[in-house]
Amino acid sequence: MDKIMRGRIKELIARHPKVGDALAEFGVACVTCAVGTCLLKDILEIHHLSPEDEQRMLTRIAEIVYPNRQVVIPLRKSQPEQKTGKLINSPPLLKLVAEHAMIKRVLARIPDMLRKLDLDTVEGRQLALASVDFIRSFADKYHHAKEEDILFKCFDGNLDIIKVMLDDHETGRAHVRAIREAVERRDTVAAVKHLKGYQKLLMEHIRKEDEVLYPWMDRQLSVTQIGRLFSEFAAADAPLAETRRRSEEFISMLEQRFGDAEPGQSR
Ligand SMILES: [Fe+2]
Ligand SMILES: [Fe+2]
């Protein structure tokens, strides 16, 4: 078991595809992860399942990899009480979660917006460009920049989980470029395709950060690091107060125009 704990998960799944199903049963989406050089022991650390679920998941994996053997499942040492679970406690990370909530309010209204989008009209082009402006100025410059320039710098940039998030940010930027080009060409089909692609990407990206990355980071950060993040985030936000005001205005406009999203989609 020790050998597979120190092995790369993608290689293990390639040899034993059912291991991917076993991980998925416990909410660990290694099969769909784009990078996947994580070691099984790192996955346990990052996903931080309850001790019972961790034992159940490892037992399932052991049964798949060693079907005819009795395998001893290693017990990991438990974390201090306040550092367990998927909770996020530190104010700087809670601030980023609140920004996710703002972004999700826009994402939740994209499907309705796309049903009526027509780039042959001035109104349609303005709406598409206003959405691009929100994505670039708030989701990217206001929010992703704090992650990339401040938060992620507290951790090893070679970690797969960080690489996956950075890849998502780049894929999002490519969608935004494609949407802008589509607006210039008045190509409604391409704009709809890339707005849909962006919405799907960011919903999943935010879910990974809220449920996996941030809780893991929250457990790793020292009190000193949390204090430093708090002041660095405040310094990064200060010159962008107008961006935030404009973004809040855009969200209110979308909500007025396209109504309330389905429960659970907006925040
Ligand atoms: Fe991110
Ligand atoms: Fe984020």
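Trainee: What share of the 267 residues in the protein chain is buried, and what makes a residue count as buried?
Mentor: In this predicted model, buried residues make up 27% of the 267 residues. A residue is called buried if 20 or more other C-beta atoms lie within 10 Å of its own, so the 27% are the residues that reach this cut-off.

Trainee: Why is the protein chain described by helices?
Mentor: The secondary structure comes to 12 helices and 0 strands, and from the N terminus on the elements run α-α-α-α-α-α-α-α-α-α-α-α.

Trainee: How do you know which parts of the chain the predictor is confident about?
Mentor: pLDDT is the predictor's confidence on a scale from 0 to 100; the mean for the protein chain is 89, and 91% of its residues reach 70 or more. Over residues 80–84, however, pLDDT stays under 50, and the model has 2 contacts beyond four places in sequence for them. Residues 263–267 also have pLDDT below 50, with 8 contacts beyond near neighbours in sequence.

Trainee: What are the domains of the protein chain, and what separates their centres?
Mentor: The chain is divided into domain 1 (2–78) and domain 2 (84–258), and 31 Å separate their centres, taken over C-alpha atoms. Along its principal axes, the C-alpha trace of the protein chain spans about 70 × 40 × 35 Å.

Notes
Residues are numbered from 1 along each chain as its sequence is written. Chains are lettered from A and ligands numbered from 1 in the order in which they are written. This is a predicted model: local features need pLDDT of at least 70, side-chain atom pairs count only at pLDDT 80 or more; totals for chains, interfaces and linings use all residues. Domain bounds come from an automatic or database domain assignment. Two residues are in contact if their C-beta atoms, placed from the backbone, lie within 7 Å. Helices (H or I, at least four residues) and strands (E, at least two) are DSSP runs, numbered from the N terminus. A residue is buried if 20 or more other C-beta atoms lie within 10 Å of its own, exposed if 12 or fewer, and partly exposed in between; C-beta atoms are placed from the backbone.
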